[in-house]
Structure formats: structure tokens, C-alpha cells
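Colleague: I have a structure open and would like to talk it through with you. Could you start with the terms you use?

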Amino acid sequence: MSLIDLLTGNTSNQVAEQAENKFGISRNQIIALLAVAAPLVISYLRNKSQDANEAEALNNALDKDHDGSILDDASQAEARQAEGGSILDHVFGSQKSTVENQLSQNTGISIDKIGPVLAMLAPVIMGYIGKEKQQNNVGAGGLGDLLGGILGNASNQAQAQQSNPLNDILGSVLGGGQAQSGGNPLNDILGSVLGGGQQQQQGGGLGSILGNILGGK
């Protein structure tokens, strides 16, 4: 399953419905947030996995807690919200509040809700990675290539199918992230793309795309 399949499939819709009911945020906003958060989390994990110890820890976490079953039972997302918070703490570390502030500004989800919503989405993203890991029979040493492949395939698919606003979002996010290899994903993705830096020619970058898909909310 590609990353775009995850974003446009039943799992994301079901999780978005749960979050909509719990937090009073529109389903479109939740799915748009997932479209940004998923490649962002994957980029951070790809960078971390370049360290052998981090790769081993991620491999163990995926084997133990993220077998992909959450993709077939989206009710797990709300039940695992606390776990999702811990995942975000590890993935983003000291940059977590910066990431949340930037995502809040660009999705229109208030800062007091962005963290809890992301915490619901994090186990879904990890479940997706875990399922891809199983299907490709990848161990700790292959995680970096697996995660890079997920991002590359999603980028190609988004650019080939730009009629869907979600693909526009992914294309913007992945375009910024892939362009500067080896850099900090926070700067590459959040700084240049969400801020509109490299995407001015597209009418203001992700912010304007989100504005269009969310109806200016």
C-alpha cells in the first residue's frame, strides 16, 4: 500500500471521524494534517535510522508494537493516543513544539488540539511503516532504504496525480523534503514548504493548498 493509499483509504477516514467527534475538528482538516504529518514522521525516522542504535530500536518497536493491525481496526487510534504522544516525543525530540506550532498555523487546528490529534495519528503512521516492513521483510539495516522508498514512491505518485488536493499537499511536502538531501527535515519540509519558501510559484505553497481544500478555515 502506498502512502497516498493510506491517506485516501478507509483507515484515514475512520480515524478522522473519531478525531472529528472527539475534538470537534473537521474531517478534512484531520486528513490534511495526516497528509503532512505522515511524510514528516517518516523523514525524521529515516534520518534517525542512519544511526545503527536508533535503527535497531525502531526495528524492535515496529516488531513489538506496530504490526499494522491498526490499519484494519481504526478504533485503536483513540485507545493508543497516550502511546502516540510518546512516539512523537521520540520522533521529534526537542523540536516537537516547533513542529506542532508550524502544523497548527498551516492547518488551522488550534495549538491546544494539534498535539492530541497528532498523538492519535502517530500509531496509524507507525502501523503503516510496520506493515510495509513486514511485507518487504526488512530488518534494522534496511529501514533507511525502506523509509526513503516510501517517500520517493509517494512523491512520484503525487506528482503524477495532481488532480486530488491531497496529492497536491503531498507533492508540496515531499518536494521540499526530497530536494535537500541530508538536511534537517524540519527545515526542509516545515521551513521551506509549509512556510511557502520554495513553493511560491505554486501560489504560496502548502498554506494556500490547505486553504483551498479546507475552504479557507
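Modeller: Let me begin with burial, since much of what follows rests on it: a residue is called buried when its relative accessible area is under 20%, and exposed when that area is over 50%. Please keep in mind that this is a predicted model.

Colleague: Fine. Are Y44 and F92 buried or exposed?

Modeller: Y44 is buried, and F92 is buried as well.

Colleague: And how many aromatic pairs are there?

Modeller: The count comes to one aromatic pair. Y44 and F92 form it in an edge-to-face arrangement, with 4.9 Å centre to centre and 85° between the planes. The pair links distant parts of the chain, since Y44 sits in helix α3 (residues 27–48) and F92 in helix α6 (residues 81–92), 48 residues apart.

Colleague: What about the largest nonpolar core, how many residues does it have?

Modeller: The largest nonpolar core has 61 residues, and those with the most contacts inside it are L3, L33, I42, L45, F92, I125 and I129. Helix α3 supplies the largest share of this core, 14 residues.

Colleague: Which residues is I125 in contact with, leaving aside its neighbours within four places in sequence?

Modeller: With those neighbours left aside, I125 is in contact with L34, A37, A38, V41 and I42.

Colleague: Changing topic, which residues of α4 are buried?

Modeller: In α4 the buried residues are A55, L58, N59 and L62. These residues cover an arc of only 100° around the axis, which puts them on the same side of α4. They pack against α3, α8 (111–135) and α9 (143–160), whereas the face of α4 turned away from its buried side carries the exposed residues N53 and K64.

Colleague: What happens at the start of α4?

Modeller: There, a side-chain oxygen of D51 reaches to within 2.9 Å of the backbone nitrogen of N53. As for the length of the helix, α4 (residues 52–65) has 14 residues and reaches 20 Å from its first C-alpha to its last, close to the 20 Å expected at 1.5 Å a residue.

Colleague: And what span should α9 have?

Modeller: At 1.5 Å a residue, the 18 residues of α9 should span 26 Å, and its end C-alpha atoms are 26 Å apart, which agrees. The buried residues of α9 include L143, G148, S155 and Q157.

Colleague: Last one: why do you call T11 buried?

Modeller: T11 counts as buried because its relative accessible area is 10%, and the cut-off is under 20%. T11 lies in helix α2 (residues 10–23) and, leaving aside its neighbours within four places in sequence, is in contact with I70, L71, A74 and V124.

Terms used: Residues numbered from 1 in each chain as written. Predicted model: local features only at pLDDT ≥ 70, side-chain atom pairs only at ≥ 80, totals over all residues. Heavy atoms only, no water. Phe/Tyr/Trp six-rings, centres within 6.5 Å; stacked < 30°, edge-to-face > 60°. Helix = DSSP H or I, 4+ residues; strand = E, 2+ residues; numbered from the N terminus. Buried < 20%, exposed > 50% of the residue type's maximum accessible area, 1.4 Å probe, protein only. Expected span 1.5 Å × (residues − 1). Arc of directions from axis to C-beta. Contact = heavy atoms within 4.5 Å. Polar contact = N/O pair within 3.5 Å; in protein donor to acceptor, adjacent residues only side chain to side chain. Core = buried A, V, L, I, M, F, W, Y, C linked by side-chain atoms within 4.5 Å.
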